[in-house]
Amino acid sequence: MHLETEQQLKRWLRHRGVLQQLLEEIRDEHLEYKPWPNAMTLGNLIVHMAASSDMFLQSIKHGAFSPPTFPTSFESISDIREIVQASTNATEKGFAELTEAQLEQPLDFNGFVAPGSVWLGNMVDHEIHHKGQLFTYARSVGIEKLPFFIVQPPRA
């Protein structure tokens, strides 16, 4: 794996780990919460985060916008946890499969053209952005115990 790709994977995994910890505090009754009428629900926000990671990587791999490759419908927090785990597994695998050519090839996302490596960084930033929103949602539904905003890997 290319060094830059490996660093982005480690960065992304630290933030994804926080999401997975936070999901342990969220209950089914929280899933329909939204802070304003046109906002995503809490459940949809989590699924959007999961699906977006896969979408970014599939798009970088294929050189064009590609939808997520796993189901995103849910009825419970248990379903969402499974979606996030599937996304995490697919994203880790996707990182490992990226080639130098894919990281260098230009990719057009809604009129913004940049090399795959830039979109890889944007994928991580997207996860961080929505994780911050999710922390606010969680506080708004009364969740007091929140994980630290970034999980540190264990020291050797």
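A salt bridge is taken here as a side-chain nitrogen of Lys or Arg within 4 Å of a carboxyl oxygen of Asp or Glu. By this rule the count comes to seven salt bridges. The structure shown in every view is a predicted model.

**View A. Packing of helix α1 against helix α3.**
Helix α1 spans residues 3-23 and helix α3 spans residues 77-97; the two pack at an angle of about 170°, with their axes 11 Å apart. That angle makes α1 roughly antiparallel to α3, because angles over 145 degrees count as roughly antiparallel. On the α1 side the contact is made by T5, Q8, L9, W12, L13, R16, L19, Q20 and L23. On the α3 side the contributing residues are I77, I80, R81, V84, Q85, S87, T88, T91, E92 and F95. By type, the residues of this contact divide into nine nonpolar, seven polar and three charged.

**View B. The W12–F95 ring pair.**
A search of the whole structure finds six aromatic pairs. In the pair formed by W12 and F95, the ring centres are 6.3 Å apart and the planes stand at 35°, so the pair is tilted. W12 belongs to helix α1 and F95 to helix α3, so the pair ties together parts that are 83 residues apart in sequence. W12 and F95 are both buried.

Y33 and Y137 form an aromatic pair that is edge-to-face, at 5.7 Å centre to centre and 90° between the planes. Y33 lies in the loop between α1 and α2, whereas Y137 lies in helix α5, so the pair ties together parts that are 104 residues apart in sequence. Y33 counts as partly exposed at 24% relative accessibility. Y137, with a relative accessible area of 6%, is buried. M40 is also found in the loop between α1 and α2. Its relative accessible area is 32%, and M40 is partly exposed.

**View D. The aromatic cluster.**
F56, F65, F109 and W119 are linked into a cluster by ring pairs.

The side chains of E6 and K10 meet in a salt bridge, with 3.5 Å from N to O. Both residues lie in helix α1, four residues apart, about one turn of the helix. E6 is partly exposed at 32% relative accessibility. K10, with a relative accessible area of 47%, is likewise partly exposed.

**View F. The salt bridge between K145 and E25.**
K145 forms a salt bridge with E25, and the closest N and O atoms are 3.8 Å apart. K145 lies in the segment after α5 (116-140) and E25 in the loop between α1 and α2 (42-62), so the pair ties together parts that are 120 residues apart in sequence. The relative accessibility of K145 is 60%, and K145 counts as exposed. E25 is partly exposed, with a relative accessible area of 23%.

E97 forms a salt bridge with K61, the closest N and O atoms being 2.6 Å apart. The pair links distant parts of the chain, with E97 in helix α3 and K61 in helix α2, 36 residues apart. At 35% relative accessibility, E97 counts as partly exposed. K93 joins K61 and E97 in a network of salt bridges.

T69 is placed in the loop between α2 and α3. With 53% relative accessibility, T69 counts as exposed, because exposed means over 50%. Leaving aside neighbours within four places in sequence, T69 is in contact with D54 and Q58. T69 and A86 are 17 residues apart along the chain, and their C-alpha atoms are separated by 9.9 Å.

Notes
Residues numbered from 1 in each chain as written. Predicted model: local features only at pLDDT ≥ 70, side-chain atom pairs only at ≥ 80, totals over all residues. Heavy atoms only, no water. Axes fitted to C-alpha atoms, helices over the stretch in contact; angles between N-to-C directions. Parallel < 35°, antiparallel > 145°, perpendicular 65-115°, else oblique. Contact = heavy atoms within 4.5 Å. Nonpolar A, V, L, I, M, F, W, Y, C, P; charged D, E, K, R; others polar. Buried < 20%, exposed > 50% of the residue type's maximum accessible area, 1.4 Å probe, protein only. Phe/Tyr/Trp six-rings, centres within 6.5 Å; stacked < 30°, edge-to-face > 60°.
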